[in-house]
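The exercises below are meant to be worked with the sequence and the coordinates side by side. Please try each task before reading its solution.

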Amino acid sequence: MAVPGLLVCQGLVALLLAISFLCGRWSIFQGTSIERIHYLLSFGAHNYFMRFVQFLLGAKCTNAILSVEYFCCDRPNPILQIIYLAIISMTYYFIAKSSFTYIPGYYLSGIHRYTSLLAVAVGMLLFLLTSFSDPGTVKADNVSQYLSAYPYDSIIYTEKECSTCKIPKPARSKHCSICDRCVARFDHHCGWMNNCIGERNTRYFMAFLLWHFLLCLYGTVAIGLVLAGRLKELTVVYILTVYYGIENSPLSLAPHIVQWLLGAYHTQVLLMVFLAIVALPLVGLFGYHAKLCLTNTTTNETFKWQEYISRQRKLNEAKASAAALRSNMSGISSEVKPSVSKWRALFRRSRPKDLDSSVVKNNVYDKGYFHNFYEVIFPMSTRRSFSPTKLKSG
Ligand SMILES: [Zn+2]
Ligand SMILES: [Zn+2]
């Protein structure tokens, strides 16, 4: 009984950590332990660790850790790529080792021995495609095409030059400090892929996220069916009801079946919980990026829009305050209905919502769901219109 209890605790702790890490900043968790765990996981633990090292071993050791961190986080390196390959191959190995002996089973046909391998291989292929494809590097010889493909909106993008590459910076591009290059329609630098996600490989990245979510789902359901098959083949329900006298109802049987599964098939149960937990951030990330793709926005641009909107709101608030002050001053000087003007000023001041609604996100690159989706699948730089126009002789 101790082992199943431990497994349940392990699963609950993993779930709590996953929820805290992913959703800790949501407003519903404000002031709760989940927000505190999120802080600890994202910055707190690192801060405390560095302070501890500084206190115990001095500045030299802190600097050595910071330089290792610089290599791991701020320079291109394959550490996370290796970790991904290790996770997917180890998970597949453990699933094959623990569950393939029961395939074919009562609910699963023998074909799943091969389809599972194929599904993992496709996942790895999408990973390699995203990792090693060109994200849309802007160079001197293609910058003019990118400039015409992505015109400046004069809101969040204005004519600029990249101070590092010394070439014009097309709208929607960004210089990635890790890869040291300008990337068109820059989304973000992905550590797992050791590559930027940009104009040309967003489609592979999206396929990677969706495929790996489906892969986790497939694994969870397949292992579930293996266990359900074992339950049927070993006539567990019959034994429990006839020999142990347990009432034949799902509610009475469930705890006994769970206990039996955790005792006899704990590896499979653990793998199922692991796959289900991994599926959550994958589907969340896919949903987030799908929304961005359908509205033709990038992760980089969401920050730019946030900055723009908060700047405009502050500007509008300052304008409204100045106007209120002016009207107050004129009210005092003419001494007409001072009480009414005060209330009006108060009323005016309590209208930030009106002011907020005047600040809107005007995304000129959003051309409707269909066109936005088409642009991700067939990026501008892959189209014929993008190729450099050669001067016709004669
Ligand atoms: Zn650059
Ligand atoms: Zn990069």
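**Exercise 1: placing one valine**

In this predicted model, Val221 has its place in helix H7, which spans residues 202–233. Decide whether Val221 is buried, partly exposed or exposed, and state how far its C-alpha atom is from that of Pro255.

Solution. Begin with the cut-offs: a residue is buried if 20 or more other C-beta atoms lie within 10 Å of its own, and exposed if 12 or fewer do. Val221 has 14 C-beta neighbours inside 10 Å, and therefore counts as partly exposed. Then take the distance: Val221 and Pro255 are 34 residues apart along the chain, and 20 Å separates their C-alpha atoms.

**Exercise 2: ordering a sheet**

Work out in which order the three strands form the open sheet, and why one side of E1 and of E2 is left without a neighbour.

Solution. The order is E1-E3-E2, with antiparallel pairing. Strand E1 (137–138) and strand E2 (174–176) each have a single partner strand and stand at the edges, so one side of each has no neighbour in the sheet. Turning to the pairing of E1 with strand E3 (residues 181–183), two antiparallel bridges join these strands, and Val138 has Cys182 in E3 as its bridge partner.

**Exercise 3: reading annotated spans**

Describe the chain over two of the spans that the unreviewed UniProt entry annotates as "transmembrane region", namely residues 48–66 and 204–228.

Solution. Residues 48–66 are 95% helix and 0% strand, with end C-alpha atoms 14 Å apart. Residues 204–228 are 100% helix and 0% strand, with end C-alpha atoms 35 Å apart.

Note on methods: Residues numbered from 1 in each chain as written. Chains lettered and ligands numbered in written order. Predicted model: local features only at pLDDT ≥ 70, side-chain atom pairs only at ≥ 80, totals over all residues. Pairing = 2+ DSSP bridges. Helix = DSSP H or I, 4+ residues; strand = E, 2+ residues; numbered from the N terminus.
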